[in-house]
Amino acid sequence: MTDLDIRVLDDAHFRAASALFRGTLHYAPPTDEAWETVRTTYHAGQALGAFAEGELVGTVQAFPSALTVPGGAVVRMSAVSRVGVRADWTRRGVLTAMQRAQLRAMRDAGDVAATLRASESVIYGRFGYGVATRYREIRVKRVETRVRVPIAGRVRLVDGETALPLCRGLFDRLTPGRAGSIARWTGWWTSNVQRALKEDNLKFAVASGPDGDDGYAIYKVTPGSWETGNEKPTVLAVQDLWAATPRAWADLWAFLLGVDLVGEVLAEGRPLDEPVEWLVTDRRAVRTVDESDETWLRLLDVEAALAARTYRAGEPVVIGVRDRFLPENDGAYRITAQGASRTSDEPDFVVDVDVLAAAYLGDVTFGALAMTGRFEEASGDAVARADALFAAAQTPWCGTFF
């Protein structure tokens with residue numbers, strides 16, 4: 001195989017990297033106009049490129065972020081994205097070489113974890129990533145139901161140019177909160193909101209209560225028909241919704257479900273436990289049309305990650321960890337209700353680092369993973385003890401697409 005040269009990319013290669021990544025998704029390279037926006041999301045030191053025979057054949061990028069873990073602590077994290085290998089160089093070790101270099105670079109820089117959204121679900125487990133959060137997509141037949149309670153506070157529409165900094169400030173204030181949520185970097189707002197302001201006619205609704213603004217929703221409406229049974233209804237698509245209190249959440253949903261001349265309300269990427277069905281008079285009007293993996297988590301510094309989160313009441317357990325890309329994570333870790341630390345004790349059971357990542361935020365139990373053959377369960381009640389300690393008070397959810 002031709003030797004690969006993995007390099008940190010600079011401004012001279014950013015546009016080529018963007019074109020290569022888009023090509024792997026079967027999109028054309030960015031136009032000059034589009035590149036003016038996209039280029040603002042590339043920064044020195046964040047993107048890697050794989051070169052072979054003098055050509056760029058693969059790329060991967062990581063955005064600086066932070067992850068909320070059970071108990072509310074926030075750890076330094078990178079959001080991995082724009083992963084692509086040129087079609088004539090796939091299955092030749094390019095992705096593995098880039099992953100090895102990126103994992104090492106992120107850990108050496110001080111990141112405790114990394115997350116990504118997987119375009120294909122069979123790729124990233126072998127690099128130590130495990131599915132740590134999930135989401136659902138719901139559709140509400142608005143014309144067939146109504147909200148049980150009226151808006152208790154106030155919901156107002158805000159102009160786009162004014163709304164962008166307002167919503168960004170609210171997001172930063174409302175998160176960290178739920179385990180799995182992440183910090184958004186400047187380029188995220190540029191790519192996902194500012195650019196869409198011009199293209200998608202986004203609307204911004206802000207909720208407020210006795211103490212001021214405490215929630216927002218970003219949505220767009222695709223015109224169609226609002227008549228019952230029409231094959232192409234007018235659809236209100238919820239792009240982003242965050243609330244500080246149950247009242248703010250209910251007010252925002254009441255507003256969205258009350259917009260006139262809308263046939264359906266669509267919301268993608270919502271938490272599995274969001275109780276929209278209980279907010280309306282006919283719960284069958286709310287349908288879950290998809291449920292899928294959301295973020296894949298990679299623990300870069302296992303000791304720091306385990307020490308950062310809190311644990312529920314339970315008897316101690318010692319978990320062994322294997323990590324073939326970052327061997328300094330190999331070892332045994334003692335978990336108690338008071339915290340976690342390395343130990344020389346014999347582990348009660350041993351898992352690969354992707355299995356630990358899947359269970360880390362509490363979305364899946366060690367018991368379920370053992371049952372499906374992801375690791376060999378130890379004798380006795382060790383797995384049950386681990387499940388008691390790692391149990392989550394709330395279903396983890398990220399809520400940020402990247």
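A pocket is an open set of points on a 1 Å grid over the protein atoms alone, with protein on both sides within 12 Å along at least five of seven lines, and its lining residues have an atom within 4 Å of a point. Grid points are joined across faces, edges and corners, and a volume is the space filled by probe spheres set on the points. This model is predicted, so local features need pLDDT of at least 70 and side-chain atom pairs pLDDT 80 or more, while totals for chains, interfaces and linings use all residues. Residues are numbered from 1 along each chain as its sequence is written, and side-chain values use heavy atoms, without hydrogens and water.

**The second largest pocket**
- Its volume is about 430 Å³.
- The lining has 17 residues, and R178, A243, W249, Q394 and W397 are the closest to the centre.
- By class, 10 lining residues are nonpolar, three polar and four charged (nonpolar: Ala, Val, Leu, Ile, Met, Phe, Trp, Tyr, Cys and Pro; charged: Asp, Glu, Lys and Arg; polar: the others, Gly among them).

**The cavity**
- In a cavity, a 1.4 Å probe fits but cannot get out.
- There is one cavity of 30 Å³ or more, and the largest cavity holds about 30 Å³ of space.
- Among the residues that line the largest cavity are L67, T115, G180 and L361.
- This lining divides into four nonpolar, four polar and no charged residues.

**Around F349**
- Leaving aside neighbours within four places in sequence, F349 is in contact (heavy atoms within 4.5 Å) with residues including V317, F366, F375 and A386.
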